[in-house]
Amino acid sequence: MSSNEESKVVLCQSSSCPNGNPPSRLECPTCNKYAVDAIQSLITPTDNQLDLGFKGRSSVVKHALRPDKTHKIIHDLIKSGSQLSTLPEGVYNPFPNYQFTGALHPWYPLSAKRQLPEHIPRPDYSISGKPMSEIKQAGQPPRILPPDEQEKMRTVCRLAREVLDIAASHVRPGITTDELDEIVHNACIERNAYPSPLNYRGFPKSVCTSVNEVICHGIPDKRPLREGDIVNIGYHGDLNETYPVGKIDDDSAKLIRVTEECLNAAIALCKPGALFRDLGKVIEPIAKAAGCSVVRTYTGHGINDLFHCSPNIPHYSKNKAIGTMKAGMVFTIEPMINLGPSWSDVHWPDNWTATTADGKRSAQFEDTLLITETGVEILTAGSRHAKPTEP
């Protein structure tokens with residue numbers, strides 16, 4: 001046995017072990033999921049750990065940590081965002097009583113709302129948070145953009161790709177998602193652009209950062225990215241991609257690969273006359289064959305001078321989406337794929353962060369597409385795209 005393996009040995013934790021508590025040969029899958037390494041130290045915390053890690057917690061919770069209690073209590077504590085290892089000074093979990101589905105929880109306080117120079121044009125929601133232009137256009141059929149508006153979309157999507165690639169180049173263990181938000185915000189300012197997520201329906205940041213089990217709409221905060229994480233960075237252009245943070249496990253690598261494959265297969269179908277409902281027919285079989293599932297709550301959408309508009313584009317099969325693709329339409333395809341069979345999602349109390357219901361990881365890729373007379377143009381094409389897809 002190597003020295004590294006010896007350092008990971010954990011004794012049998014049963015208080016009634018008939019064999020004298022020998023080294024454990026099995027691992028708790030739930031503890032592995034939550035990245036709990038030092039089980040023994042969690043079972044028998046010091047008084048100082050109790051005081052620091054559970055300040056404000058009830059006496060019932062502290063009593064539950066007695067060594068004679070089963071170690072499943074730890075699962076409940078971690079799900080609620082309670083950790084025996086203390087958060088950095090000044091950082092706290094704003095929802096201490098919420099039962100998180102996985103190990104991730106928010107690190108507050110959030111940084112102050114970032115400001116923009118006066119010369120940058122603002123959307124109608126920049127102050128009120130209400131996208132009134134979208135609300136007024138709700139229910140209208142998809143627009144066919146004239147050539148001059150198509151060219152504007154090319155410019156906007158090129159800038160959005162530049163911003164996303166800049167953010168992606170900074171993904172590494174140790175950087176916080178709030179720092180990624182600042183990078184995106186400043187990159188927008190350098191391009192005289194407004195970061196569209198900022199205050200859209202009240203969203204507090206300039207970009208969405210969705211880590212591990214977060215499906216979408218994660219709010220950047222003070223949590224540093226860790227080796228083995230995956231993080232999705234989403235920015236209005238409209239595009240997003242999922243990135244590994246350092247070395248990741250095989251399941252996470254498979255998830256990223258399959259999600260990108262789902263998007264590429266859907267893009268390959270796009271051309272004048274194609275049905276929007278048919279996109280899910282190619283996406284879901286790819287996901288299922290890999291032991292994954294397709295999120296149903298969130299869809300692709302139209303985009304032009306409005307952030308979100310018709311058409312509505314589900315990513316799962318047997319959907320009831322209406323409409324056919326026509327030259328001049330611009331829309332997104334953005335499949336969200338979960339590890340395992342569950343496509344269900346739940347929301348944190350911040351009313352934004354959507355996570356998998358079972359705590360397993362999720363990934364997403366998104367592109368903005370223009371239907372041409374002969375096929376489709378990927379307006380947000382980057383290094384992972386070889387060329388625009390044609391029939």
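**Notebook: pockets, cavities and a sheet**

I began with the second largest pocket and sorted its lining by class: 15 residues are nonpolar, 7 polar and 7 charged. For the classes I counted Ala, Val, Leu, Ile, Met, Phe, Trp, Tyr, Cys and Pro as nonpolar, Asp, Glu, Lys and Arg as charged, and the others, Gly among them, as polar.

I noted that this is a predicted model, in which local features need pLDDT of at least 70 and side-chain atom pairs count only at pLDDT 80 or more, while totals for chains, interfaces and linings use all residues. Residues are numbered from 1 along each chain as its sequence is written, and side-chain values use heavy atoms, with hydrogens and water left out.

**Second largest pocket**

I read its volume as about 790 Å³. Its lining has 29 residues, and V156, S196, H236, N304 and D305 lie nearest the centre. The largest share comes from α8, with 7 residues.

I kept the terms here. On a 1 Å grid over the protein atoms alone, a pocket is an open set of points with protein on both sides within 12 Å along at least five of seven lines; a cavity is a set where a 1.4 Å probe fits but cannot get out; lining residues have an atom within 4 Å of a point. Points are joined across faces, edges and corners, and a volume is the space filled by probe spheres set on them. Helices (H or I, at least four residues) and strands (E, at least two) are DSSP runs numbered from the N terminus.

**Cavities**

I found 2 cavities of 30 Å³ or more. Of its 17 lining residues, L104, T209, I219, D221 and W348 lie nearest the centre. I classed the lining as 8 nonpolar, 6 polar and 3 charged residues. Strand β1 (residues 208-211) gives the most to it, with 3 residues.

The second largest cavity has a volume of about 30 Å³. I listed its lining as P142, R143, I303, N304, S310, P311, M329 and V330, which divides into 5 nonpolar, 2 polar and 1 charged. N304 is also among the residues nearest the centre of the second largest pocket.

**Sheet**

I followed β1 into an open sheet of 3 strands, ordered β1-β3-β4 with antiparallel pairing. Strands pair if DSSP finds at least two bridges between them. The edge strands, β1 and β4 (239-244), each pair on one side only. β1 and β3 (residues 230-235) pair over 4 bridges, and T209 stands opposite I233 in β3.
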